[in-house]
Amino acid sequence: MFDSPLIREVTLKDFLQTKSGIKMKNIQSGVLFVGAHWCGHCQSMKKDIEKIAVIGGIRMGVSFLDGAKPVNKQLLNLLDVSGFPTVFIIKKNKLVKYNGARDHISILHELCKSDDKMCFL
């Protein structure tokens with residue numbers, strides 16, 4: 001869905017299930033975008049996710065989980081994803097579901113609130 005090398009596609013191997021929930025293995029702070037190529041709302045968010053990746057650069061991780069792939073069904077269940085797009089803010093490897101506005105400024109603002117090192121605004 002994304003052509004940018006700054007957006008990494010992830011699978012189950014990139015996550016760790018703990019007593020306190022599911023965590024990202026190699027990303028301390030950033031954004032996880034869960035979507036599908038056939039989802040119109042996901043397509044409309046694509047440019048905002050790409051802008052987040054460009055603005056964040058190497059300081060944060062921007063990851064994409066392809067919800068259309070059957071291999072990711074177990075992970076969608078673990079993350080309690082019930083629809084697309086779903087956005088998670090990654091804070092200290094932990095995933096926090098983001099329910100705010102779906103534009104890059106709002107998502108970056110949420111990252112800034114969660115981690116001063118992630119302030120881009």
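Aromatic pairs number 4 in this predicted model. One of them joins Phe-2 to Phe-33, and another joins Phe-33 to Phe-64. Together, Phe-2, Phe-33 and Phe-64 make up one aromatic cluster.

**Phe-33 and Phe-64**

- The ring centres of Phe-33 and Phe-64 are 6.1 Å apart and the planes stand at 25°, so the pair counts as stacked; the cut-off for stacking is under 30 degrees.
- Phe-33 in strand 4 and Phe-64 in strand 5 (residues 61–66) are 31 residues apart, and their pair links distant parts of the chain.

**Burial of the cluster residues**

- Phe-2 has a relative accessibility of 14%, and therefore counts as buried, the limit being under 20% relative accessible area.
- Phe-33 has a relative accessible area of 0% and is buried.
- Phe-64 is also buried, at a relative accessible area of 2%.

Key:
Residues numbered from 1 in each chain as written. Predicted model: local features only at pLDDT ≥ 70, side-chain atom pairs only at ≥ 80, totals over all residues. Heavy atoms only, no water. Phe/Tyr/Trp six-rings, centres within 6.5 Å; stacked < 30°, edge-to-face > 60°. Buried < 20%, exposed > 50% of the residue type's maximum accessible area, 1.4 Å probe, protein only. Helix = DSSP H or I, 4+ residues; strand = E, 2+ residues; numbered from the N terminus.
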